[in-house]
Amino acid sequence: MTTGQQPATAPHPEDDGQLPSLAEQMADQLGGWRGLVESSIPVLVFVLANMVGDLRPAVIASVGVAVLIAVARLAQRRPVRHAVNGLVGIGIGAFIAWRTGDERDFYLPGILYGIAYGVALLISAAIRQPLVGWIWSVLVAKGRSEWRDDPRLVRTFTQLTVLWGVVWLAKVGVQAGLYLAHQDTALGVARLALGYPPYALLLLITVWAVRRVTREGAPLPGA
C-alpha cells in the first residue's frame, strides 16, 4: 500500500464472501515471494558493490539489475507493477547519487518519500478522510467507497491510518538518522530491513482488521 510498500472499498458485509482470501490479497499487494525478492535485489547489489568498489560502478550495477528484472518480467508476460515501481525508485536515487558523488544520496528519495507519506497519512486521519480507507477503495473494493457510510469501518480505517503513519515515520526516522550520521552501509542495511517486513506486517493487520469488522456486521442467516 505504498511500497506501498501497504486495498479497495470496504465492501458491504453481504459482499464479504466475494472478497479474495487474506493470503490472495497479501500476495497481490506484495507481488508474492518473487516480488519481495526482486524489489530487494537492486538495493542489495548497490550496498554490496559500494562496499567492495566505488560509487559509480555500484550505481550502474543496481540500475542494470533493476532494468534486467523489469525486462525479464515483460518477456515472461508477468505483471510489471512492482518491478517498474522499484526501477523508478532506484533510478531517481541513482541519478542523485551520481550527480552529487555521495553514496548516501542513493537513499535520499526514499527517505523524503517516507516522510511525506507518513505525514500525509496522519493528516488524513486527523481530518477524518483516512488514506488507508481510500487506498482500500482503489485496490480492493473496485472503486467503491461504501465504507464511508459505516461508522465502524471509518473508525477502523482511521485507526489503521494512524498506525501506518506512525510506523512509516518511525522507520524513516531511523534511516534519516543514519543518513545524517553518514553511516552509509548501515543505511543500506536499514533500507532493506525496514522495507518490506514492516510493510507486510501492516498490510496483514489491515486486511485482518477490515475483514473482521465486515464479518461482525454481516447479518445472521435467516435474519
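Entry 1. I noted that the model is predicted. I began with the residues that join α6 to α7: L131, V132, G133 and W136 of α6 are in contact with F157, L160, T161 and W164 of α7. Sorted by class, this contact holds six nonpolar and two polar residues, with no charged residues.

Entry 2. Next I looked up the geometry of this pair. Helix α6 covers residues 131-139, and its axis and that of α7 come within 7 Å, crossing at roughly 105°. Angles of 65 to 115 degrees count as roughly perpendicular, so α6 and α7 are roughly perpendicular to each other.

Entry 3. I then turned to α7 (residues 151-180) and α9 (residues 196-216). Their axes come within 10 Å and cross at roughly 170°. An angle over 145 degrees counts as roughly antiparallel, and therefore α7 and α9 are described that way. On the α7 side the contact includes R152, F157, L160, W164 and K171. On the α9 side, P198, Y199, L202 and E216 are among the residues involved. By class I listed 15 nonpolar, three polar and three charged residues for this contact.

Entry 4. Last, I checked the surface. L112, I115, V119, I123 and I127 make up a nonpolar patch there, and together they have about 440 Å² of accessible area. I located L112 in helix α5, residues 108-126.

Definitions and conventions: Residues numbered from 1 in each chain as written. Predicted model: local features only at pLDDT ≥ 70, side-chain atom pairs only at ≥ 80, totals over all residues. Heavy atoms only, no water. Axes fitted to C-alpha atoms, helices over the stretch in contact; angles between N-to-C directions. Helix = DSSP H or I, 4+ residues; strand = E, 2+ residues; numbered from the N terminus. Parallel < 35°, antiparallel > 145°, perpendicular 65-115°, else oblique. Contact = heavy atoms within 4.5 Å. Nonpolar A, V, L, I, M, F, W, Y, C, P; charged D, E, K, R; others polar. Patch = residues over 30% accessible without salt bridge, like charges linked within 9 Å, V, L, I, M, F, W, Y side chains within 5 Å. Areas by Shrake-Rupley, 256 points an atom, 1.4 Å probe, with all protein chains shown as cover. Salt bridge = Lys/Arg side-chain N within 4 Å of Asp/Glu carboxyl O.
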